[in-house]
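Have a look at the model first.

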Amino acid sequence: MILFNILLFFSACSFTYFGLACLINPSLKTEFIRYGLDKQRNTVGVLQITGAVGLLVGYFYLPILVLIAAIGLALLMLLGFGVRLKIKDSVVQSAPSLIYAFINAYIAYLQFLNIF
């Protein structure tokens with residue numbers, strides 16, 4: 001359970017940071033233009049923050065919310081990985097999104113086992 005807690009809080013902190021950065025950091029605006037997703041930048045930021053809040057609220061109050069949030073963040077990161085591949089980013093540039101997808105998929109898997 002210690003690994004689960006570490007991964008959950010790491011993911012929640014990371015997505016809070018990255019979600020806020022999507023909303024307020026001008027350099028990320030340039031990145032989203034490069035991805036071809038300039039109109040989706042705010043949506044991605046809100047989804048990241050929502051996922052992070054879902055992980056934390058679920059951890060303390062509503063366990064099913066951890067499962068839902070972790071699945072949502074894993075899917076968001078898989079889509080991000082696909083975008084990186086589509087624009088032909090390097091493996092090093094693409095790897096973080098895939099790693100976060102695996103982390104959140106693992107959180108979801110462990111939470112599923114815990115609930116059911």
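Let's start with R84, which is buried, with a relative accessible area of 18%; buried here means under 20% relative accessible area, exposed means over 50%, and partly exposed is in between (1.4 Å probe, protein chains only). Keep in mind that this is a predicted model, where local features need pLDDT of at least 70 and side-chain atom pairs count only at pLDDT 80 or more, while totals for chains, interfaces and linings use all residues. Residues are numbered from 1 along each chain as its sequence is written, and side-chain values use heavy atoms, with hydrogens and water left out.

**The charged network**

What does R84 pair with? It forms a salt bridge with D89, a salt bridge being a side-chain nitrogen of Lys or Arg within 4 Å of a carboxyl oxygen of Asp or Glu. By this rule the model has three salt bridges:

| Pair | Closest N and O atoms |
|---|---|
| E31 and R34 | 3.1 Å |
| R34 and D89 | 2.8 Å |
| D89 and R84 | 2.6 Å |

Together, E31, R34, R84 and D89 are linked in a network of salt bridges. D89 counts as buried too, at 11% relative accessibility. R34 sits in helix 2 and D89 in the loop between helix 4 (63-86) and helix 5 (91-115), so their pair ties together parts that are 55 residues apart in sequence. (Helices are DSSP runs of H or I, at least four residues, and strands are runs of E, at least two, numbered from the N terminus.)

**The nonpolar cores**

Now for the greasy side. A nonpolar core is a set of buried Ala, Val, Leu, Ile, Met, Phe, Trp, Tyr and Cys residues joined through side-chain atoms within 4.5 Å. The largest one has 19 residues, and L8, F15, L55, V66, M77 and I107 touch the most other members. Helix 1 (2-24), helix 3 (41-60), helix 4 and helix 5 each give two or more residues to this core, and helix 4 gives the most, with seven.

Which residues does F15 touch? Leaving aside residues up to four places away in sequence, F15 touches Q48, I49, A52, L73, M77, Y100 and N104, where contact means heavy atoms within 4.5 Å. There's also a second, separate core of six residues, including A21, C22, F32 and Y35.
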